[in-house]
Amino acid sequence: MNADDRFKKVPMREQEPKVRAKNFDEVPCGYSEEEAIKEAKRCLQCKNPPCVTGCPVHVKIPEFIKLISEGEFAAAARKLKETNALPAVCGRVCPQETQCEIKCVLSKKGAPIAIGNLERFAADWERENAEIIIPKVKPKNGKKIGVVGSGPAGLTLAGELAKEGFEVTVFEALHESGGVLVYGIPEFRLPKEIVKKEINYLEKLGVKIVKDFVVGQTATVDELMQEEGFDAIFVGSGAGLPAFMKIPGENAIGVYSANEYLTRSNLMKAYLPDSTTPIMRGKNVVTVGGGNVAMDSARTALRLGAEHSIIVYRRSEAEMPARDAEIHHAKEEGIEFHLLCNPTEVLVDDKGFAKGVRCIKMQLGEPDESGRRRPVPIEGSEFVIDCDVVINAIGNKPNPLIPNTTPDIETTKWGTIVANEKDGRTSKKNVYAGGDIVTGAATVILAMGAGKIAAKSIIEDLL
Amino acid sequence: MSKILKKEQLSENVLRFRLEAPRIAKKRKAGQFIILRVSEDGERIPLTIANGNAEEGWIEIIVQIVGYTTAELAKLNEGDLVTDLVGPLGKPTHIEKFGKCLCIGGGVGIAPLYPIVCALKEAGNNVTTIIGSRSADLLILEEDMKAASSRLFVATDDGSKGHHGFVSDVFNKLIADGEKFDFAVVIGPPIMMKVTTELTVKAGIKTMASLNPIMIDGTGMCGGCRISVHGDTKFACVDGPEFDASGIDWNELITRLGSYTAFERHAREKHQCKLTEKIKKEEK
């Protein structure tokens, strides 16, 4: 193989920025079989692969890539599923550039293997072309596990335990399962059809999903264990409680939390042209925040018809928590970035509607506890951005329903549940937790990793 | 899915549904609510639980037909299924022996007040209830309230039943007569709650009001139902729905309830257009 082929990544085709900014179809188009094989052949097949150490669920990366390079696409997908129940999701939303790909030996001299692209390819290929084979499930062991929340942490744990012969019931508060994968992440980044299929796969493994059931309200953790015979409970209820900026005008009409805005668009389908779900389709939309959720919101606003979709972030681009690819996509699509400024007030018209955001310019001072340089306001630098919709994407606090209704579970002062990150055990016997309810808002794959770890502990503790 | 066990018309635009919901019936307490969806891809609407029976496994909701979704719900009959039903949501009313309690309900707000009256009475309180509506034919649950309360007053805007005027007039008269109350709960249209709770708070009565802002998930996730109480942002779904009335920013609540008025009008017109088109086609 010549150096060019070895060190250059096969790019993935994408929808043209101008075109995709007006539709909700997925941005990247996926690899063709030839492209996938070409990219897979670049893999050095390391004996001690460093990429695997970067993956929270330890996907067998060189092995599945080798199968792709041999044209064994379905086998590659099955190899992925040995350790990852949601490969089509992970191939799309995992931050590979900071996890597995960053560790790739090739990156010392050139581009790392596009592990995410290949994972996505294999999972998509199997879904579209092959019979989905359900692996052998161990005989029922008579133990009942309840899972709170059908997001990435809960689904991963459910899949792992179902394979081990546990009777697993997942309780979902909403009318659709998938958690943040369906209410939060937009269609253009993660088509809902794919989430549905991956959940179908888990159901075929024997996982039972009960929707419209709010653990803590419909039944508490204690009631599930004492009255309904659950031997263990895993809490993966997520970080679903939006933080607000605490500035004047924040409760005006047209000011949304990113959760509400994205839920209206994604889960409640306001993005479809003939939907009856109300959503304010602003002409000028300001999104506050610098994470993936902020990018998702600003890009959704553009697709819902905004003429100007503006990101306001108090630090500089270097500190943005969003993935580079998301920032890059957003810029290509025409999202405007107002960096180093922070809202101080939402301006409101006489009917109660938002009409602008007053911002103050910031400069970066000394590093704070997060290691990032702390933004400091520049006095007298205030200015106004005219807008009709404001989306607040500054983060989430943990959902209070489980901690509030489970008195003997230990929580931190931020409201997250205390669980050992090595085993997922909480202070309450046979209750485990993982994902954003433990870490605060983080990533899909970290939540999946936590689900996997807790599953291992449950097997140890109960069998 | 939940089966409709019984459907009754209480007044021109108000219906009572009995829904099969054994888990909710077992768990629900006064002051809590449910969220339902009438169809796939339909809106999620919050409704306060008006009654329930744990042994028989049902709850009742009382619905005023105000928009598209409630109109769709009204089309369903006994034996039909409601696509989604989730609950009980929100914190229950704080019930204890306060002494003399006052419960004031307006319009369809009388429905969620009923279980609270029952619970306060059961806890050993003396409960004075005042209910009101625009006219006698719109008044609901009068007999139930009479049976549940220590005494009942009725007011109608047009004077067709009881006092000619507002529930607040009846309250003012009781206070003028020297009556004292230890605790009050007020539920009704926002403007009625605003006016009435201003009076009860001024009279020095600890007053709770049950709020019904726009809501999506009902579990704290979206923040759409947020409301300023004593200057802090609270979520009606997980912190409420009942709040200390002396701290509620009523104008904010009323403004936010109007968020989608234009959208809903448009949706209704569009829906009716489609309907007439369909009828025309069928006629052809």
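L141(B) is buried, with a relative accessible area of 10%. In this predicted model, L141(B) also has a positive phi of about 60°, although this residue is not a glycine. L141(B) sits in the loop of chain B between β9 (126-133) and α4 (142-148).

**Backbone features of chain B**

A positive phi is likewise found at H230(B), a residue other than glycine, where the angle is near 50°. H230(B) belongs to the loop between β14 and β15 of chain B. Is H230(B) buried or exposed? H230(B) is exposed, because its relative accessible area is 51% and the class begins over 50%.

Chain B also contains cis peptide bonds. One of them runs from G87(B) to P88(B), with omega near -5°, and P88(B) is placed in strand β7 of chain B. Another cis peptide bond joins G240(B) and P241(B), where omega is about 10°. P241(B) is found in a loop of chain B, between β15 and β16 (242-244).

**The interface of chain B and chain A**

The size of an interface is often given as the accessible area lost when the parts come together. Chain B and chain A bury about 3400 Å² between them, and 54% of this area is on carbon and sulfur atoms. Which three residues supply more than any other three of the area that chain B buries against chain A? They are R23(B), M221(B) and Y260(B), which supply 20% of that area. The contact takes 43 residues from chain A and 40 residues from chain B.

Polar interactions also cross this interface. The rule finds 19 residue pairs in polar contact between chain B and chain A, both residues at pLDDT 80 or more. On the side of chain B that touches chain A, at least two residues each come from α1 (22-27), β7 (84-89), β14 (226-229), β15 (232-235), α7 (250-257) and α8 (261-283). Strand β7(B) gives the most to this side, with six residues. P88(B), the proline of the cis bond described above, lies in this strand β7.

Across the interface of chain B and chain A, four salt bridges are found. One salt bridge pairs the side chains of R23(B) and E228(A), at 2.6 Å from N to O. R23(B) is also one of the three residues named above for their share of the area that chain B buries.

**Salt bridges**

Side chains of opposite charge can pair when their charged atoms come close. Over all chains, the count comes to 47 salt bridges. The table lists some of them, including the interface pair.

| Salt bridge | N to O distance |
|---|---|
| R23(B) and E228(A) | 2.6 Å |
| R20(A) and E333(A) | 2.5 Å |
| R78(A) and E126(A) | 3.6 Å |
| E260(A) and R264(A) | 3.0 Å |

The side chains of R20(A) and E333(A) meet in a salt bridge. R20(A) lies in helix α2 (residues 17-20) of chain A and E333(A) in helix α15 (residues 324-333) of chain A, so this pair ties together parts that are 313 residues apart in sequence. R20(A) is buried, with a relative accessible area of 0%, and E333(A) is buried as well, with 8%.

For R78(A) and E126(A), the side chains also meet in a salt bridge. R78(A) is in helix α6 (residues 73-83) of chain A and E126(A) in helix α8 (residues 115-129) of chain A, so the pair links parts that are 48 residues apart in sequence. R78(A) counts as partly exposed, at 29% relative accessibility, whereas E126(A) counts as buried, at 1%.

The pair E260(A) and R264(A) lies within helix α13 (residues 258-265) of chain A, where the two residues are four residues apart, about one turn of the helix. Both E260(A) and R264(A) are buried.

Salt bridges that share partners join E14(A), R20(A), R189(A), D296(A), R299(A), R303(A), E326(A), E332(A) and E333(A) into one network.

**A nonpolar surface patch**

On chain B, I191(B), V195(B) and I254(B) make a nonpolar surface patch of about 240 Å². I191(B) is placed in helix α6 (residues 190-202) of chain B. I191(B) is exposed, with a relative accessible area of 53%.

Note on methods:
Residues numbered from 1 in each chain as written. Chains lettered and ligands numbered in written order. Predicted model: local features only at pLDDT ≥ 70, side-chain atom pairs only at ≥ 80, totals over all residues. Heavy atoms only, no water. Patch = residues over 30% accessible without salt bridge, like charges linked within 9 Å, V, L, I, M, F, W, Y side chains within 5 Å. Areas by Shrake-Rupley, 256 points an atom, 1.4 Å probe, with all protein chains shown as cover. Buried < 20%, exposed > 50% of the residue type's maximum accessible area, 1.4 Å probe, protein only. Contact = heavy atoms within 4.5 Å. Buried area = accessible area lost by both parts, 1.4 Å probe. Polar contact = N/O pair within 3.5 Å; in protein donor to acceptor, adjacent residues only side chain to side chain.
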